[in-house]
Amino acid sequence: MQLAKRLEPLKSNVFADMDRAKALARAAGQKTIDLSLGSSDLPTAQNVIDAIAQSLSDSSTHGYLLFNGTKAFREAAANWYAQKFGIEVDPETEVLPLIGSQEGTAHLPLAVLNPGDFALLLDPGYPSHAGGVYLASGQIYPMPLRAENDFLPVFEEIPTAVLAQSKMMVLSYPHNPTAAIAPLSFFQKAVAFCQEHDLVLVHDFPYVDLVFSGELSRCDTAPSLLQADPEKSVSIEFFTLSKSYNMGGFRVGYAIGNAQLIEALRKVKAAIDFNQYRGILNGAIAALTGPQDSVTATVETFRERRDAFVGALHSIGWQVPQPAATMYVWAKLPEPWNQDSVKFCMELVQKTGVAVSPGAGFGKAGEGYVRFALVEPPAVLELAAAKVDKFLRES
């Protein structure tokens, strides 16, 4: 049987590869500490659970949910955004519900790219960004992120020939995996660049709230792309409730942006799926419109974990920067492991049970790094650091 050639670039996936490695370690008797996946271990707020639970006994929520049936959710998303960033959003034309933001970032290339067109992606970057381009039969130009540039891309390095064939640029700050943040001035530069070169500008924004207060010039939130493009001339931004509201398993997100892009993505979505269960959107409405205490608590929990884990790594002699945002620590591997992050991660989980993500799994420029997800309490993170220390000393 011959399958489509577009599947060839999808043969390897960092999360699938580590999942197999974890399974092998468990089968060999290792008790694992899984820091490889950014899936929050924190509970969803009770008011959200209650809203979903109350929907279950309402038979009117049990059928298919089409676009017009999502009006209440779209209004809640638009109001949340306007209150947070001060930019008005039309819930009818500028908001689209998604089954997680990953659905949107993976499907948008189908609406923007023709076969052979280039997409400009961050390297390292989130794997679904590349996956969507490959499924659209597009080409990828990786924009390297270097520590000396604060893990921000240098637009001037993009070759003229590539720009001539490019249709979209994808950004994501606060950034997964590096935990880098981007100032509003960077987004303003990106908007001007994309306007000049007729590019769609995409911003994946899952960590909008996971910024530790006082670390962005005393600002508690990261800037939105649409603050740099309030007319939404070239921009679309993707949000999820997975991180701020600990709703990863509920698969609920949304896009806000240029009405033409929203309509195009809606057409792709209509050909592939309907929406998720209405009760889940009722829970999402409760999250967006209700008390935000749980968001504050989530941020403080990850701050405490960050401080504990970074301190533990420093105590074993592994000097890593303290991230100002996200739920990750991006760590440069010590020699001789800095040439093969995949080998480091495979041997680490096999010998200690500690699972982390290899930097190479996020792109070529990620080689030499690993990503730790702070999805365990401080005591477990400190135990993981001790196991890493033993592994490094004995290897």
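The model is predicted, so local features need pLDDT of at least 70 and side-chain atom pairs count only at pLDDT 80 or more, while totals for chains, interfaces and linings use all residues. Residues are numbered from 1 along each chain as its sequence is written, and side-chain values use heavy atoms, with hydrogens and water left out. Helices (H or I, at least four residues) and strands (E, at least two) are DSSP runs, numbered from the N terminus.

**The seven-stranded sheet**

- Seven strands make an open, mixed sheet in the order β2-β8-β7-β6-β5-β3-β4; strands count as paired if DSSP finds at least two bridges between them.
- At the edges sit β2 (95-98) and β4, each pairing on one side only.
- From one strand to the next, the twist averages 20°.
- β6 and β7 run parallel, joined over four bridges, and V202 has I236 in β7 as its bridge partner.

**Helices around that sheet**

- α4 lies across β2, β5, β6, β7 and β8 (253-257), at about 155° to β7; axes are lines fitted to C-alpha atoms, for helices over the stretch in contact, and angles run from 0 to 180 degrees between N-to-C directions.
- α7 (residues 184-196) lies across β5, β6 and β7, at about 170° to β5.
- α5 (residues 127-135) has P127, S128, H129, G131, G132 and V133 as its buried residues; buried means under 20% relative accessible area, exposed over 50%, and partly exposed in between (1.4 Å probe, protein chains only).
- Those buried α5 residues pack against α1 (14-27), α4 (101-112), β3 (118-123), β4 (139-144), β5 (166-171) and β6 (200-204).
- After α5 comes S137, with a positive phi near 60°.

**The three-stranded sheet**

- A second open sheet has three strands in the order β9-β12-β11, paired antiparallel, with β9 and β11 (357-358) as the edge strands.
- β11 and β12 (residues 369-373) share two bridges, and P358 is partnered with V370 in β12.

**Two buried loop residues**

- K232 sits in the loop between α8 (225-228) and β7 (235-240) and is buried at 5% relative accessible area.
- M327 sits in the loop between α11 (293-315) and β9 (328-332) and is buried at 0%.
- M327 touches residues including G38, Y207, F302 and F372.

Key:
Contact means heavy atoms within 4.5 Å. Lists of a residue's contacts leave out its neighbours within four places in sequence.
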